[in-house]
Every structure is written in structure tokens, then in C-alpha cells.
Protein chains: 2
Amino acid sequence: MAYETWGELNAERSNAILIFAGLSPSAHAASSAEDPSDGWWEDMIGPGLPLDSDQFHIICVNSLGSCFGSTGPASIDPATGEMYRLGFPVLTLEDVAEAAYQVVCKLGIEQLHTVIGCSMGGMSGLAYCVNHPGAARNFISISSATRAEPFSIAVRSLQREIIRSDPKWNSGNYDVDDPPLIGQRLARKLGMMTYRSPEEWIQRFGRQRTTATDETVNDPFSIRFSVEAYLENHANKFSGGFDPNCYLYLSRASDLFDLAEHGGSLESGFKRLDLQRALVIGVTTDILFPLRQQQELAAGLAAVVLDTRLIELDCIRGHDSFLVDMDAFRPVICDFFEGDCD
Amino acid sequence: MAYETWGELNAERSNAILIFAGLSPSAHAASSAEDPSDGWWEDMIGPGLPLDSDQFHIICVNSLGSCFGSTGPASIDPATGEMYRLGFPVLTLEDVAEAAYQVVCKLGIEQLHTVIGCSMGGMSGLAYCVNHPGAARNFISISSATRAEPFSIAVRSLQREIIRSDPKWNSGNYDVDDPPLIGQRLARKLGMMTYRSPEEWIQRFGRQRTTATDETVNDPFSIRFSVEAYLENHANKFSGGFDPNCYLYLSRASDLFDLAEHGGSLESGFKRLDLQRALVIGVTTDILFPLRQQQELAAGLAAVVLDTRLIELDCIRGHDSFLVDMDAFRPVICDFFEGDCD
């Protein structure tokens, strides 16, 4: 398990915050002395920031099954000396949570101050809290849910099928130096369509055209609209960095998680929690984890956690808002930790 | 140009209705003596139905560029004896409209009673009315728009790229007996995700599982959820029937259409219309042509057509509702034609 930390654990070991990331980010949520490059939540974690490293010991784990240091399908199976690939067992978010729990135990932390999970990480966080009642005092869910709706399952199923349909995927036995990039790029574009919002793209791109180049002017299907160029740029940036099999496993794990499987119903799942405070943050324009799911999650938490808050943010950038609309999220997180952020 | 008709043209030639279909359907909108198989709008067209063939002469054209009888990229170029393929010129919905206009003229009809367009066909219908003011007295737009929003462009762009990324597409020179079916199937699944609605799938599938078969039980990425099986069935039904190059051309034409290009602004586009009545029908759960676009279209029409109505239908089945939720659409269409439908 790869993880990074910011800030010191106090003598009482009572100030630790555990962060579960979404499907694709690494444990590098913020810069540090060891790695000064920007992290995926750079503006959220640090001295004087909402997750204040002067006050808290903040831990971010790379999910089990991912490819940024934690064991996953791209890791070497010591029994064979080869990558696990599809020999890796079916992965669940309960596994992801359990692996993180072991990290926390090894760090000598009996009870976390707070578990925070973003997107898929919110479900990993629920799994953590439901399987280890009392192991965290507080829980924050950001743009997540009790379980995926069929539309989100369909999106991810199609992303996986696109990757698996690339001949270079080769039933999971791709050449690591020549991975199924075409499939990964297409899957990423589909992802971006659900991570952002139609409303944002109307404001940002409208029907703006790109300039045709010599190369494209005679190709009727080349990029013509700015929104197409935007997706192309995002596909180019992302696709080389993520192992395709790891992506498939984590994507399927996101489909499979269902809080209702903990006890037979959502209600019984919620009843297994033992939390002091809960905060659910959702975004009005989120397609992937829509507002109705934030409301369902908050209502379920409120039935068992006296101090539960639901914050509906009117951000235009959809599901990804927690990564790109920091000005909206920072005050909410800051307030939860009774910080003094400006 | 392939077209079908139902009902007789009256002596005054004043009772003709022209239907523009969406991207994929043929001219076979309803059964007839010549072809008794069900059409794509079987419950809408016929004696005593909202488009009453006892009163009206109803014409449905297969769009120029399609592959069901009208000339398109899959047609044989008489100059070479080979299919046009990507040698077919860039197609616009103005071309689609103009080809239909020629059909109507050949039939000896100077003025249509009504032009009806569904989805892409609504934009073809707008092109018809804006380029031939007075050629139709009335216009009905169903789940269409003045032009595509960037989200819809992104969806179609990705569908095209998926097909073009299938090695069997072969830069448009695919073997007609071995077309890029994998790409077409994936593109169709993406289509279905935008033709229906997340709300429908919650009601219809929820998180219902399929039964694992011997074949699938050891494949972690095989179909596990009913929504995945549903998409698989739709992909299987559709993909063999539509020529991939025709699909690409019509899909791109849907991106390109913009009423504002008729005169430099939407306002000037609308001003070119010469209509007596207009009806805009939209559906609350439509992702592809959302309600805000219905409202924009109706507002623009209302500025130039005194008798303009907007009907917002609260159907759950999204963009496809006009094909599958006949009980909601029939009364609205019937009312427009002052019919007596039960």
C-alpha cells in the first residue's frame, strides 16, 4: 500500500484524517518536502488550508488495485514473477477500505478523526466506516453515493468494453510498452463527458470552431469544434499514465459496491455506522453521482448520525467540481474542521 | 430519394404532411399495402390516428445520405461503379432538406400542410422551412433544436471516433460483408445512454443482476447487471442494419446544422420563416435535446409565428420518448391536426 502523509500525528493520536481518492488519482494529494510537485488536492491540504497540516495528520492512500504504488493487477505476482493482470482476484471497495484500514493500524492510529472520500472514494469511505464501526469519529462524502445507479454502471461498463475491444488489450495481456491507448483514450473521453456538465460546456465552448489545419481540412471527421479539441487534449494527457487492467478492476469495483449489501438493506447498512458527525457534499450539475443520491445518502446518515449535514453546491463543472472548483469546496471543508480559512 | 406515402393527396393538393425522421430510421414510418411490416411510427400514422391517412397525404422521406434507398455514401457512384464511401461530399441538413423539397415538388405539391421533424429531423425541417419560406404552412418540431449543444456534439464525435477506431472501418473502405461491427455496437450503446434517461433506468433496472452463465462466471468484466444486458441487446439489434459511413455523415451533419447560419443570428434565421402555426414538443428527461433547447426554439418561433405552442411532456424515457411513449405524444399531435383520436 502506497500512502502519503502531511502534518504530525499528535500525542493522543487523535488528529488523523484519512482520504480516499476517486478512481484515478494517486496518493499524492498535495506537495510535500519529499515530492514538491502539485498534488490532485493541492489547494485543500497544507498549513492554514481546510485540511490543515498544522493541526491534523492527513493520510491519503493509493487504492488497492491501483497502479501508483499499491498492489494491483499491474503488480508483479511474487509466485510467478509476472504481472497479475486478470489473475488478480475480483476487487471490491471493501477490499480497498480494508487495505487502508491496515495502513492506519500500522501507523498506530486506533481511531481516525475523519474519513473523507471523493467520488469512488466516498464509497470506499462508507465501506471503511461500516466494516469498522468506531474506527472513525467523522465521515465526509464528496460527490459519492451509497451505490451506483444504472446510468453510472452503464457508463463504466461501456468504458471497460471500449478498452477491452482495443485489439492491443489482448485479453489483458497487452505489451506494457504498447498498451491499448486507443481504447483508453476513447474511454477517457467518455469519462470526461460524465465528469463535467453540459451547462459548463455551453458557457465554455458553445459552438466555437477550431481552425482547420492542412492535415484536417480534407477529413470530414477531424476535429471541428472546440469541445472536440478539449476532449482530445484530456485524452492525450491521461491515457498514458494509467494501467488499463487496474482501471478495469477499479471501475468494476465502483459498480459492485452497495451499502445495502451490509445487512440486507440501506437502512441496516447505515445502522452499522458509529459516527459522531457526517457531512455530505454534492453538486447540482453532477451527472455521475446526481443530487438525488446525495440526498439519499444524507437522509440515511441523518437517521443514525445526529450531526449530519448536506451541502448542495451550485457548481457548474459537474462531478469534477471537487477537483476544479476549490473556491466552492474550501469553505465547506474548512467549516467542518472549524478552521480559519480565508 | 426513397420515400413512402399514406393517404391520398386531395384535389387542392393542400393536405400533404412531410415527415423528417431522426438519424437512423428509414422512410417506412408505418405499414402500408406495399409493406405491411410495422413502421417506426406505426401508432401515429394511419386511418383515425393522429396523422390521419383518411384526411392527409403523409410523406416520409429517407434522408439524403442515409442507406435505406436514398443516395448516400453507401450508394454506387455511377462514375466509378464503386461505393462513394468517403468520396461523398460533406453532407448538411440543408442538403437533406433540399432533397426532400425536390421530392415534394416532383409530387406536384406547392405547399405542404405541415412539416414534422423528429430529433435530427426537426433540424432538417427547420432547414426546409427557412430555405423555402411559404413552402409549408405549419411546422412541428419534436425533441429537436435550433442547433446542437456541445454535449451532443461531444457524444456524436465520440460515437464517430469509436467507429473510426475499429480497424475494420479501414478509413471508410471496410468490407461490406465484414463491417466495423465492434465499433458500431459500442457507438450504439453510447447512443442508447443518451436516447433514454437515468430516471427510466432506475425504475426499470435499478441494480438488478443477470444470471451468470458458465461462459461468463470466470470473466470479471462480463455482463453482471441488467442494464448491461439491455445495452447489449440493443447493440445486437441495431448494428448490422446501418451503413457505418452513412452513419458518420448524418451524425456530423447533425453537429453542423445551426439555424443562426441562416442570416447570421438565430433571430434572423427565425425571421426567414413564413409559417402560420408552429408546435414544439420536448421531453423533461431528454439529455440530447434538453428542455432548455425546446424553450429556446419555441421562443424564437413565437417571435415570428403568432400561433406557436410549446408542449413539455413529462415522459421518463428521455429523447426516445417520441418513439416509445406514444400515449403521451398521440394526443398532442392529434390536437394539432384537430383530429378525433381516442
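The model is predicted: local features need pLDDT of at least 70, side-chain atom pairs count only at pLDDT 80 or more, and totals for chains, interfaces and linings use all residues. Residues are numbered from 1 along each chain as its sequence is written, and chains are lettered from A, with ligands numbered from 1, in the order in which they are written.

Chain A contains eleven helices and eleven strands (DSSP runs numbered from the N terminus, with helices being H or I of at least four residues and strands E of at least two). Its radius of gyration, taken over C-alpha atoms, is 20 Å, close to the 20 Å that the globule rule gives for 342 residues, so chain A is as compact as a globular protein of that length. The globule rule is 2.2 Å times the number of residues to the power 0.38. The C-alpha trace of chain A spans about 65 × 50 × 45 Å along its principal axes. Of the 342 residues of chain A, 55% are buried (20 or more other C-beta atoms within 10 Å of the residue's own, with C-beta atoms placed from the backbone).

Chain A is divided into domain 1 (3-148 + 257-336) and domain 2 (152-249), with bounds that come from an automatic or database domain assignment. The C-alpha centres of these two domains lie 26 Å apart. Contact is made between 20 residues of domain 1 and 16 residues of domain 2 of chain A (two residues are in contact if their C-beta atoms, placed from the backbone, lie within 7 Å).

In chain B, six of the seven residues of strand S10 (residues 277-283) are buried. S10(B) runs parallel to strand S9 (residues 136-142) of chain B, joined by five bridges, and Ser141(B) stands opposite Val280(B). S10(B) also pairs with strand S11 (residues 307-313) of chain B, in the parallel sense over seven bridges (strands pair if DSSP finds at least two bridges between them). Here Gly282(B) has Glu312(B) as its bridge partner.

Between the chains, 37 residues of chain B are in contact with 37 residues of chain A. Elements giving two or more residues to this side of chain B include helix H4 (181-195) and helix H6 (226-238), while H3(B) gives the most, with twelve residues.

Note on methods. A residue is buried if 20 or more other C-beta atoms lie within 10 Å of its own, exposed if 12 or fewer, and partly exposed in between; C-beta atoms are placed from the backbone.
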